[in-house]
Each structure stands twice: as C-alpha cells, then as structure tokens.
Amino acid sequence: MATIDTVSTTPAAPAGPPAPSGAVRPRRGHRWRQDRFAYALIAPAVVFMVAIHLLPTIGGGVLAFKNLNTFTFSQLFGAPWAGLRNFEAILFDDANPLHNGFLTAAGNTAVYTVVTVAGVLIGGLLIALLLNRSFPGQRIVRTLMLAPWVVPSFVVAVLWGFMWQSDVGIVNKVLVDYTGLLDDRPVWLLGPNSLWAIIIPSIWRGLPFCMLIFLAGLQAVPKELHEAAAIDGAGPIRRFFHITLPLLRPLIAVQLLIQVIYAAYQFTIPWIMLGTNPGEHADLLMTLIVRQSFSNNLFGFGAAASVIVMLAMSLWVVVWLAAFRRDLETQR
C-alpha cells in the first residue's frame with residue numbers, strides 16, 4: 001500500500017496588492033485641491049503683509065547703512081555707502097549730539113514703558129476683579145469702562161492736552177482750587193512733569209483692553225476651585241495668589257508682550273500733546289526718530305535708530321518667550 005506523507009504547513013497570510021509607485025502623487029494632488037481654497041483666502045493677506053511690512057523693513061535696513069541726508073536723498077538706495085558709521089555715531093560717539101539725544105530718548109522710553117505697562121496691567125487686573133463681582137448696573141459700568149479704548153489716540157492726546165493746561169486745565173483746578181493738595185499750579189507740558197503728562201493718558205487709554213482680557217479670564221476660572229479653597233480655610237487674598245493669579249499667567253504673559261511693544265513704539269500721544277520737540281524730559285525714541293528723519297532730514301540716522309529699536313524689541317520677544325514658554329505650553 002502506498003503511503004502518502006503529509007507535511008503540515010502554516011498557511012501564509014495573503015499578501016495585499018502591491019502599492020503603486022506613484023501612489024503619493026495623487027494624495028498630494030488631492031490635498032492641494034482641498035486646500036487651495038484656503039490658500040486663495042490667505043494669499044491677499046500674505047501679499048499685503050509682504051508689501052506693507054517685509055519690504056519696507058528690508059528697505060529701512062538697507063538705508064541704515066547709507067549716508068542718506070538732504071543732499072543724497074534724491075539717490076535714495078544709490079546713496080553713498082556708510083557702513084556701520086551711523087550705528088557708531090548713535091551708540092558710541094560721545095562728541096556727536098545725536099548720541100546724547102538717542103541715549104536720553106532711550107532712557108525716557110524705558111521709564112515710560114515700565115511705568116505705563118505696570119500701570120496698565122495692575123490697574124486692568126484690579127478693575128477686572130471689581131467688575132467680576134455682581135452689583136447693580138454692572139453691565140452699564142462695563143460698557144462705560146470701554147470708552148477710553150474706543151476713543152482714538154489723537155483725540156485722547158488733544159483732550160488730555162487741554163486737561164493739563166496750567167491755568168484753565170481741570171487737573172490743576174482739582175489739585176489746587178478744589179482739594180488744595182498743591183499750593184502752586186505745576187506746568188505739566190514742559191520740564192520734568194512732561195513725561196508724566198504722557199504716561200497718565202497712556203495708562204488711561206490702555207486700561208480697558210487689559211481689563212477686558214482679564215475679565216474674560218476671571219470668568220473662565222472654575223468656581224469650584226474657590227469654593228474648595230474656601231472650605232479649607234483659605235481667605236480671599238490667599239485664593240487670589242494661589243488660584244486666580246496662576247491661572248491668569250498665560251493672559252498676563254500675552255498682555256505683557258503686547259503692551260511693552262506698544263509702549264516702546266508710542267508716538268501719537270507725545271507728538272500731539274508736546275509737539276515736534278517734546279524736550280529732553282519727554283523725548284521718546286519714536287519722536288526722536290521722526291524728528292531727526294523728517295524735520296532734520298537725517299534719514300540714515302533715523303533708519304539706523306529704527307533698526308536698533310527693532311533689534312531691541314526682537315531681543316525682548318526672545319526673553320519673553322524663554323520666561324513664559326512653560327505657561328504657554330500648558331494651555332495647548
């Protein structure tokens with residue numbers, strides 16, 4: 001009898017059809033057809049940003065290395081090459097009056113930025129805490145608090161310019177005539193007081209925006225956290241510093257970034273209130289750059305000073321990102 005030897009074999013899994021060599025191309029083409037409408041929507045914004053921001057920035061950077069003044073302005077980008085001389089005159093040449101003017105304006109800008117940003121952030125947070133409570137007329141008060149933010153900067157400068165007048169201004173009337181806090185009427189728009197004359201209106205105008213952002217953040221804080229902390233015996237101050245403030249850190253970080261850049265580039269309020277030359281006590285970097293560039297026709301100096309300010313703001317963004325990276329990542 002013939003025997004048939006059987007060999008047990010494990011059946012192999014059926015192999016799928018081989019992937020075509022050009023399978024990726026249709027997928028990319030299909031994705032492009034799906035996304036091209038989105039690209040078409042953002043294309044005008046990209047073109048606008050390039051034309052309005054990127055190209056002028058590049059052009060200003062080139063002019064910073066040119067000897068561009070009244071006599072060479074007709075040549076513009078063909079003006080004689082100055083190399084780093086504009087930057088050396090601004091930063092290191094003690095005999096150059098532009099050097100002293102730049103350092104003075106930089107110091108004033110630093111004081112203005114620190115005081116204004118601190119006032120806006122602290123004041124906005126305090127007002128948000130008050131408006132987050134329930135009281136009669138809450139909606140009306142919230143609406144009225146947005147008024148300084150709605151008013152244009154030009155109008156703010158004009159209004160406060162009248163208020164700071166020594167003889168008829170409401171500020172001196174309140175401080176001297178009505179309350180008697182001061183014996184003499186100070187001059188606000190000249191001399192050492194002029195810096196405060198632009199700081200206070202800037203804080204007044206910036207408060208509503210910070211208040212609005214902080215108010216939205218406060219309303220997003222879970223009430224259960226405060227209730228649990230209150231049951232454990234934590235008072236309002238302790239709950240604020242251990243619950244509310246840590247949860248608001250991402251909002252504080254974003255507001256800090258925006259407000260510092262906005263204050264460093266402030267131009268409208270000091271220019272309208274104090275004129276083309278605010279004086280050594282209130283001359284900011286932006287007023288200095290505009291005056292030297294378009295009144296004194298020192299375009300190379302203005303371009304170089306603008307580049308220095310831009311680099312300083314870029315350094316600030318790097319420092320800010322390193323300081324608040326963890327707070328921003330936790331919100332993803």
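Tutor: The account below begins with helix packing, then turns to salt bridges, a helix face and backbone angles. The model is a predicted one, and the values that follow are computed from it.

On the H11 side, the contact is made by Arg-249, Pro-250, Ala-253, Val-254, Leu-256, Leu-257, Val-260, Ile-261 and Ala-264. H14 contributes Met-313, Trp-316, Val-317, Trp-320, Phe-324, Asp-327 and Leu-328. By class, this contact of H11 with H14 comprises 14 nonpolar residues, two charged residues and no polar ones.

A second pair consists of helix H3 (residues 97-131) and helix H13 (residues 285-295), which pack at an angle of about 150 degrees with their axes 8 Å apart. That angle makes H3 roughly antiparallel to H13. From H3, the residues in contact are Leu-98, Gly-101, Phe-102, Ala-105, Ala-106 and Thr-109, and from H13 they are Leu-285, Leu-288 and Gln-292. The contact of H3 with H13 has six nonpolar and three polar residues, and no charged residue takes part.

Next come the charged pairs. Side chains of opposite charge can pair when their charged atoms come close. The structure holds two salt bridges. One of them joins Arg-291 to Asp-283, with the closest N and O atoms 2.7 Å apart. Arg-291 is buried, at a relative accessible area of 11%, and Asp-283 is buried as well, at 6%; the cut-off for buried is under 20%. The other salt bridge links the side chains of Asp-177 and Arg-185, with an N to O distance of 2.7 Å. Here Asp-177 is partly exposed, with a relative accessible area of 39%, and Arg-185 counts as partly exposed at 31%.

Helix H7 spans residues 170-178, and its buried residues are Val-171, Asn-172 and Val-176. Viewed down the axis of H7, these buried residues fall within an arc of 90 degrees, so they line one face of the helix. The cover over the buried residues of H7 includes helix H6, residues 153-163. After H7 comes Gly-180, which has a positive phi near 70 degrees.

Backbone angles close the account. Most residues other than glycine have a negative phi. Against that background, Asn-297 has a positive phi, near 60 degrees, although this residue is not a glycine. Asn-297 is located in the loop between H13 and H14 and is partly exposed, with a relative accessible area of 24%. Leu-76, also not a glycine, has a positive phi of about 50 degrees. Leu-76 belongs to the loop between helix H1 (24-63) and helix H2 (85-91), and it counts as partly exposed at 31% relative accessibility.

Conventions
Residues numbered from 1 in each chain as written. Predicted model: local features only at pLDDT ≥ 70, side-chain atom pairs only at ≥ 80, totals over all residues. Heavy atoms only, no water. Contact = heavy atoms within 4.5 Å. Helix = DSSP H or I, 4+ residues; strand = E, 2+ residues; numbered from the N terminus. Nonpolar A, V, L, I, M, F, W, Y, C, P; charged D, E, K, R; others polar. Salt bridge = Lys/Arg side-chain N within 4 Å of Asp/Glu carboxyl O. Buried < 20%, exposed > 50% of the residue type's maximum accessible area, 1.4 Å probe, protein only. Axes fitted to C-alpha atoms, helices over the stretch in contact; angles between N-to-C directions. Parallel < 35°, antiparallel > 145°, perpendicular 65-115°, else oblique. Arc of directions from axis to C-beta.
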